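Some labels attached to a model rest on cut-offs.

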Amino acid sequence: MLKILIAITFVFSSLIATAEDQAVEAPFGLEWGAEKGALRGDGIILSDCKSEGWVEYCTTESVPKNLSVAESYVLYFSKEYGLQKVLMVGETFTNDVYGIAGKDRYAKLKGALDSKYSGATSYEYVGRTVYNESDEFFQCLDYAGCGNWGTYWTDNIKGSVVLELMGLRRGSGFVKLSYEGELWSLSLIHI
């Protein structure tokens, strides 16, 4: 009887832990912990690889499940834990002086991510404190302290997801989406 009670308690506590903490899955058909060599073996072309401390990052234009709005991806590899961060850089918006197309793309991606991470707490920061004219939207996002447009999903998930709208210059910007695996913060301890 005691063994059955212990087994039921173990199963119940496992279910509670699973319900509370949803792991951020590696996006775009990738797997956390993957090594560069294995990804190259799967046909992923990695270029512009650079190292910073215990982390190496490489650029690629294609992953197993490409996002239609992506221009490129940056994959971050920990020397100890393999792939632990993925950054998607969206296509550049041009002639979008009011930020309409950029805000629309951001809203669609945010809606999909809100649905996927419905159990997580999200924090959205939209700051428009300095620019005065509506055609300065992306120009403002390009200047530090002028404006931010982003959402961060955390709490009750292992890892994190961040969606941002970035400015390049007047009328030009892009969406940036990053995923961090639960071991990413451990990868940074050695830097």
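Q: How many disulfides does the structure hold?
A: In this predicted model, the structure holds one disulfide.

Q: What makes the pair Cys 49 and Cys 58 a disulfide?
A: The sulfur atoms of Cys 49 and Cys 58 are 2.1 Å apart. The cut-off is a pair of cysteine sulfur atoms within 2.5 Å, so Cys 49 and Cys 58 count as a disulfide. The link is right-handed, with 115 degrees about the S-S bond.

Q: Why is Cys 58 called buried?
A: Cys 58 has a relative accessible area of 0%.

Q: Why is Cys 49 called partly exposed?
A: Its relative accessibility is 30%. Buried needs under 20% and exposed needs over 50%; Cys 49 therefore falls in between.

Q: What percentage of the residues of the chain count as buried?
A: Of 191 residues, 38% count as buried.

Q: How do you know that S9 and S10 pair?
A: Nine bridges link strand S9 (residues 160-169) to strand S10 (residues 172-180), in the antiparallel sense. Pairing requires at least two bridges, so S9 and S10 qualify. Ser 160 stands opposite Glu 180 in S10. The two strands form a hairpin with two residues between them, and Gly 171 in the turn has a positive phi of about 75 degrees.

Q: What makes S7 and S9 a pair?
A: Four bridges join strand S7 (residues 147-154) to S9, and the two run antiparallel. At least two bridges are needed, so S7 and S9 pair. Thr 151 has Leu 163 in S9 as its bridge partner.

Technical notes: Residues numbered from 1 in each chain as written. Predicted model: local features only at pLDDT ≥ 70, side-chain atom pairs only at ≥ 80, totals over all residues. Heavy atoms only, no water. Buried < 20%, exposed > 50% of the residue type's maximum accessible area, 1.4 Å probe, protein only.
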